[in-house]
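Thank you for asking me to look through this model with you.

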Amino acid sequence: MTMLLTGHSLCLPSQATVQELFSVARDAGIVPDISLDPVLTTFLSLDSSAALEHQYTSIQRSMTEEQLAAFHNNLTSELGGSSRVSYGGVGVVALALSILFDLIRAQGSLVGESSTHRLQNQRIFGISSSSRIGWIIHSYLSEIPGIANNQEKMAEITELHDNWLKLELIDHFERMTNKKRMGSESMQQWLVGAAVHLHMRIHQVRLHSVPTGSAESLRLSYKTGFSRLVQGYTAYLRRNIQETAPPGTRGPSGQRQTSANRSNLSNMTSLSSNGHNKTNMTSFTRRFEVPPVTGRLNQTSITNLPNKASGSSEVIGLNGPKGSDKTAAATVSSNTSTASELNMSTGGSMTEELASHGLLVIEPLRNVSHRVQHHPCESSAIEQGLVTRIIDAQDLEDIREFFLYSEKLFRFLLRQSDGFELKTK
């Protein structure tokens, strides 16, 4: 029996073509990465105490006696003169100490430099610390080393930042689902904020300032919210990923694609020769990006935080309708083709060089030119294949597991109580 190849079958790309275009996007740094920073998943886990001890020991071994003495002097000063930190080996306190260790080792004493200045153009766990979610997290982690041994103060500061972050996450969720603000940056901000917020609440249970059920209900809320956001994010990628073949490739009808066929797609994007590729930071070195923790932020200086009624629901926007959500281009960092890809050195204009390339758009201001040859009619199927590849690259199962603690594991987290003590070499 002879199989007839229809026009439709001719428009199905090979897996190799989809993979090649995915590789082009990945090499250009425009494949989104919304996965949780491994620093968060390590220190907000049952392994936090062992991880902190390992980091502390490694730092000691790398220093001379003189460096070690200066390190301990600065560290003791940050800890309010104490050599022991209550709950220092667990959760948000371990996370704050881990950041503090690396900052003191890398930068030394930073007394005299304002927190506001250090906050500018910095990132924390992959998100901007000048965003409202990043700012609240930075403010909270900055406070912890100096107050961790004062349980009453620690409970007060944690409750304050818990309320700030809860309200901002509710607003952020609503903006993504109902106000067309979905995007990779928005997704990562929500995920980081939700992870830290959940462990703020867990720490309040340890301090006996909220009931256990408060942390459990928040976990279930974020579990549900995450599932809905993944659906919205996948739909967002389907709407935004667009690809066009290089001109000159021939479709099944033998018609040649010209630059005129690409005008609509090209007009939707912005190519710039000075875009910055997103760096894939998946190691503990991300801690160095967090603004140093000396010079505490004045709580009253944080402005423009959500002004919600005190009865705001803990459920993070689960009742709003789904919407069509093209993101604002200004919120996404630009990633574009390099000069070498455009052959700009040959003397031709950018327009002339682009005319010989195809174009791949992942989301607004994340695009790259390419020379991957394929039938123009295959672009639609390629776009859907790229959606699948990008979603598969996001470690969504690991993120989902972060909010899907078993009851037994969740109880273990709530019962963590390890302190941390400074030791000499």
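1. Basis of the comments. This is a predicted model, in which local features need pLDDT of at least 70 and side-chain atom pairs count only at pLDDT 80 or more, while totals for chains, interfaces and linings use all residues. Residues are numbered from 1 along each chain as its sequence is written, and side-chain values use heavy atoms, with hydrogens and water left out.

2. Three strands in the order 4-5-6 make up an open sheet with antiparallel pairing; strands (E, at least two residues) and helices (H or I, at least four) are DSSP runs numbered from the N terminus, and two strands pair if DSSP finds at least two bridges between them. Strand 4 (242-244) and strand 6 (366-370) are at the edges, and because each has a single partner strand, one side of each is left without a neighbour in the sheet. From one strand to the next the twist averages 10 degrees.

3. The pairing in detail. Strand 4 is joined to strand 5 (residues 358-363) by three bridges; threonine 244 has leucine 359 in strand 5 as its bridge partner, and glutamate 243 stands opposite leucine 360. Five bridges join strand 5 to strand 6, and here valine 361 is partnered by asparagine 367 in strand 6. These two strands form a hairpin with two residues between them, and leucine 365 in the turn has a positive phi of about 65 degrees.

4. Is strand 5 buried or exposed? Six of its six residues are buried, so strand 5 is largely enclosed by the rest of the structure, where buried means under 20% relative accessible area, exposed over 50%, and partly exposed in between (1.4 Å probe, protein chains only). Helix 11 lies across strand 4 and strand 5, and runs at about 155 degrees to strand 5; such angles run from 0 to 180 degrees between N-to-C directions, with axes being lines fitted to C-alpha atoms, for helices over the stretch in contact.

5. A pair of helices. The axes of helix 8 (residues 132-147) and helix 10 (residues 184-206) come within 10 Å and cross at roughly 35 degrees. Ile133, Ile137 and Tyr140 in helix 8 meet residues of helix 10 that include Trp190, Val192 and Met200, contact meaning heavy atoms within 4.5 Å.

6. Salt bridges. A salt bridge is a side-chain nitrogen of Lys or Arg within 4 Å of a carboxyl oxygen of Asp or Glu, and by this rule the count comes to twelve. One of them links arginine 219 with glutamate 216, with the closest N and O atoms 2.8 Å apart; these residues are three apart in helix 11 (residues 212-240), and are therefore separated by about one helical turn. Arginine 219 counts as buried at 7% relative accessibility, whereas glutamate 216, at 24%, counts as partly exposed.

7. Further salt bridges. Between glutamate 363 and arginine 366 the closest N and O atoms are 3.1 Å apart, and both of these residues are buried. Glutamate 397 forms a salt bridge with arginine 400, at 2.6 Å between the closest N and O atoms, and the two lie three residues apart in helix 15 (residues 396-402), about one turn of the helix. Arginine 400 is partly exposed, with a relative accessible area of 22%.
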